[in-house]
Amino acid sequence: MSTSKVSVQLYTVRELLTEDTVGTLKRIADIGFTQVEPFAFLDFGDALRDGLAEAGLSAPTTHQGFIGGDLDRVFESAKALGIQTVIDPFVAPDKWQSADDVAKTAEQLNAAAEVAARYGIRVGYHNHDHEISSTIDGVTALEFFAGRLAPEVVLEVDTYWVAVGGADPVSFLPKLGDRVVALHIKDGPGTHETKDQVAVGQGSLPIEQIIAAAPEALRVIELDDSRGDRFQAVADSFAFLTSKGLA
């Protein structure tokens with residue numbers, strides 16, 4: 001079965017990845033993954049490059065803060081790793097409370113996209129719950145933000161945090177349209193307590209319906225934390241998606 005639509009956010013196994021980058025990536029490949037989503041990839045240097053090569057993995061997307069940073073360094077390094085989309089993972093909640101602040105963040109993404117294009121890279125943004133719980137002009141701050149992005153800027157929607165923020169991910173995703181190129185797929189009770197997150201298919205989120213709401217998007221398995229073994233949860237999540245024909 002093709003695994004071209006499933007990936008895993010490496011933050012899920014951050015401790016293992018830090019201790020043994022190459023070995024952990026090989027273990028992920030052994031589960032059946034062909035793609036991963038690194039985080040803070042600049043911090044891992046050659047170990048990440050070597051691990052991807054030895055495990056036979058690609059990294060089509062990555063999380064790396066770049067707003068206000070050294071854009072050329074980020075995008076040049078991403079290109080060297082074969083990364084196609086660099087996603088800024090966090091803009092603080094206080095920047096999502098006013099139309100002016102949200103518009104300024106959109107302007108920064110649009111400007112970064114112009115630099116990224118020189119390297120054949122595109123940029124995106126990843127939400128938490130505060131972009132959903134905040135409303136501007138009658139819509140969520142994330143929708144307001146999306147309406148001010150250049151066409152080439154994309155979104156990775158964390159469907160779990162959409163739920164925590166008070167929206168239904170199934171009905172919310174279509175509002176953002178084709179700009180959504182990746183989903184963070186995670187499961188649990190849909191609360192702020194990250195330790196309550198569980199393997200995909202073992203919580204209360206309607207995973208199959210969520211994926212159907214953005215069927216072309218890359219499905220990136222993630223757990224921010226868990227009370228159980230997160231590596232095992234990754235394997236169980238992959239097995240669930242595979243069993244449902246969603247991997």
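The following legends describe close-up views of a predicted model.

**View 1. The open sheet of 7 strands.** The strands of this sheet pair in parallel, and their order is β1-β9-β8-β7-β4-β3-β2. At the edges stand β1 (6–8) and β2 (61–63), each of which pairs on one side only. On average, and with direction ignored, neighbouring strands of the sheet are turned by 25 degrees against each other.

**View 2. The pairing of β8 with β9.** Strand β8 covers residues 180–185 and strand β9 covers residues 218–221. These two strands run parallel and are joined by 4 bridges. Ile185 has Ile221 of β9 as its bridge partner.

View 3. With a relative accessibility of 1%, Thr85 is classed as buried, because buried means under 20% relative accessible area. A polar contact of 2.7 Å links the side chain of Thr85 to the side chain of Arg122. When residues up to four places away in sequence are not counted, Thr85 touches Pro60, Thr61, Thr62, Arg122 and Val154.

View 4. Gln197 is located in the loop between β8 and α10 (207–213). Neighbours within four places in sequence left aside, the residues in contact with Gln197 are Tyr160, Trp161, Lys186, Asp187, Gly188, Leu223, Asp224, Asp225 and Ser226.

**View 5. Ala40, a residue with positive phi.** The phi angle of Ala40 is near 40 degrees, a positive value in a residue other than glycine. Ala40 is found in the loop that lies between α2 (21–31) and α3 (45–55). The relative accessible area of Ala40 is 21%, so this residue is partly exposed; the limit under which a residue counts as buried is 20%.

**View 6. Asp137, a further residue with positive phi.** Although Asp137 is not a glycine, its phi is positive, at about 55 degrees. Asp137 sits in the loop between β5 (135–136) and β6 (139–140). Which exposure class does Asp137 have? Asp137 is exposed, because its relative accessible area is 65% and exposed means over 50%.

Technical notes: Residues are numbered from 1 along each chain as its sequence is written. This is a predicted model: local features need pLDDT of at least 70, side-chain atom pairs count only at pLDDT 80 or more; totals for chains, interfaces and linings use all residues. Side-chain values use heavy atoms; hydrogens and water are left out. Buried means under 20% relative accessible area, exposed over 50%, partly exposed in between (1.4 Å probe, protein chains only). Two strands pair if DSSP finds at least two bridges between them. Axes are lines fitted to C-alpha atoms, for helices over the stretch in contact, and angles run from 0 to 180 degrees between N-to-C directions. Contact means heavy atoms within 4.5 Å. A polar contact is a pair of N or O atoms within 3.5 Å; within protein, one must be able to donate a hydrogen and the other to accept it, and residues adjacent in sequence count only if both atoms are side-chain atoms.
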